[in-house]
Amino acid sequence: VAVLPFENLSREPDQEYFSDGLTDDIITALSRFKDLFVIARNSTFRYKGHAVDVRQLNKELGARYVLEGSVQKAGTTLRVTAQLLDAKDGTHLWAETYDRELSASNIFAVQDEITERIVSALSVQLDPQERQSIAHRATDSFEAYDLFLQGQRDFAISSRESLANAR
């Protein structure tokens with residue numbers, strides 16, 4: 001499974017960290033399953049901002065499936081769309097839109113639902129431990145989660161100023 005960076009559809013370009021953070025969290029969640037081969041973040045993020053034929057990802061990365069989507073924050077509302085595609089022929093396996101009021105538990109619930117739907121669509125058999133690992137042990141503070149994602153972004157930039165901001 002190749003998880004492409006979710007597109008930021010918010011009116012604010014500085015919200016890019018949020019869609020990247022959601023993508024990272026989904027990659028991490030999928031990586032926990034022994035029956036799934038998940039393409040590394042560094043391999044998929046090089047396609048960020050580019051329209052890509054998923055069949056190309058099949059050839060370049062060896063991905064059988066591709067997850068792509070978008071994130072939009074407007075006021076206190078979050079909309080996440082996700083679609084799972086067969087990378088061999090480009091057909092859609094499923095697509096879903098999630099509309100939620102913003103809170104840390106809601107964003108984690110959306111991540112969990114997307115992970116469950118992918119695993120289900122791929123007919124992966126989960127053992128009890130894997131089934132339990134889907135559920136997040138999340139913060140109750142959306143602000144804390146948002147600041148965590150901003151810190152991850154700043155840490156990745158690795159300048160003196162961005163590292164200070166990350167701390």
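Figure 1. Leaving aside neighbours within four places in sequence, Ile 26 is in contact with Val 3, Phe 6, Leu 67 and Ile 114, where contact means heavy atoms within 4.5 Å. The model shown is predicted: local features need pLDDT of at least 70, side-chain atom pairs count only at pLDDT 80 or more, and totals for chains, interfaces and linings use all residues. Residues are numbered from 1 along each chain as its sequence is written, and side-chain values use heavy atoms, with hydrogens and water left out. Ile 26 lies in helix α1; helices (H or I, at least four residues) and strands (E, at least two) are DSSP runs, numbered from the N terminus. Ile 26 counts as buried because its relative accessibility is 0%; buried means under 20% relative accessible area, exposed over 50% and partly exposed in between, with a 1.4 Å probe and protein chains only. Ile 26 and Val 110 are 84 residues apart in sequence, and their C-alpha atoms are 9.9 Å apart in space.

**Figure 2. Ile 27 and its surroundings.** Ile 27 belongs to helix α1, which covers residues 16-31. With a relative accessibility of 7%, Ile 27 counts as buried. When neighbours within four places in sequence are set aside, Ile 27 is in contact with Val 3, Val 38, Ile 39, Arg 41, Thr 44 and Phe 45. From C-alpha to C-alpha, Ile 27 and Val 1 are 9.0 Å apart in space, although 26 residues apart in sequence.

**Figure 3. Thr 44 in helix α2.** Helix α2 spans residues 41-44 and includes Thr 44. Thr 44 counts as buried, at 0% relative accessibility. Not counting residues up to four places away in sequence, Thr 44 touches Ala 2, Val 3, Leu 4, Pro 5, Ile 27, Ile 39 and Leu 61.

**Figure 4. The aromatic pair.** A search of the whole structure finds 1 aromatic pair. The ring centres of Tyr 17 and Phe 18 are 6.5 Å apart and the ring planes stand at 85 degrees, so the pair is edge-to-face. Rings of Phe, Tyr and Trp (its six-membered ring) pair if their centres lie within 6.5 Å; planes under 30 degrees apart count as stacked, over 60 as edge-to-face and the rest as tilted. Tyr 17 is buried, with a relative accessible area of 5%. Phe 18 also counts as buried, at 1% relative accessibility.

**Figure 5. Strands β3 and β4.** Strands β3 and β4 run antiparallel and are joined by 10 bridges; two strands pair if DSSP finds at least two bridges between them. Lys 73 stands opposite Leu 78 in β4. The two strands form a hairpin with 2 residues between them, and Gly 75 in the turn has a positive phi of about 60 degrees.

**Figure 6. Strands β4 and β5.** Strand β4 (residues 77-86) and strand β5 (residues 92-101) run antiparallel, with 9 bridges joining them. Arg 79 has Asp 99 in β5 as its bridge partner, and Thr 81 stands opposite Thr 97 in β5. A hairpin is formed by β4 and β5, with 5 residues between them; Gly 90 in the turn has a positive phi of about 80 degrees.

**Figure 7. The largest pocket.** The largest pocket has a volume of about 260 Å³. Of the 13 residues that line this pocket, the closest to its centre are Pro 5, Glu 7, Tyr 47, Gly 49 and His 50. On a 1 Å grid over the protein atoms alone, a pocket is an open set of points where a 1.4 Å probe fits, with protein on both sides within 12 Å along at least five of seven lines; lining residues have an atom within 4 Å of a point. Grid points are joined across faces, edges and corners, and the volume is the space filled by probe spheres set on the points. Strands β2 (7-8) and β3 (65-74) each supply at least two residues of the lining.

**Figure 8. The chain as a whole.** The secondary structure of the protein chain comprises 7 helices and 5 strands, in the order β-β-α-α-α-β-β-β-α-α-α-α along the sequence. Of its 167 residues, 43% count as buried.
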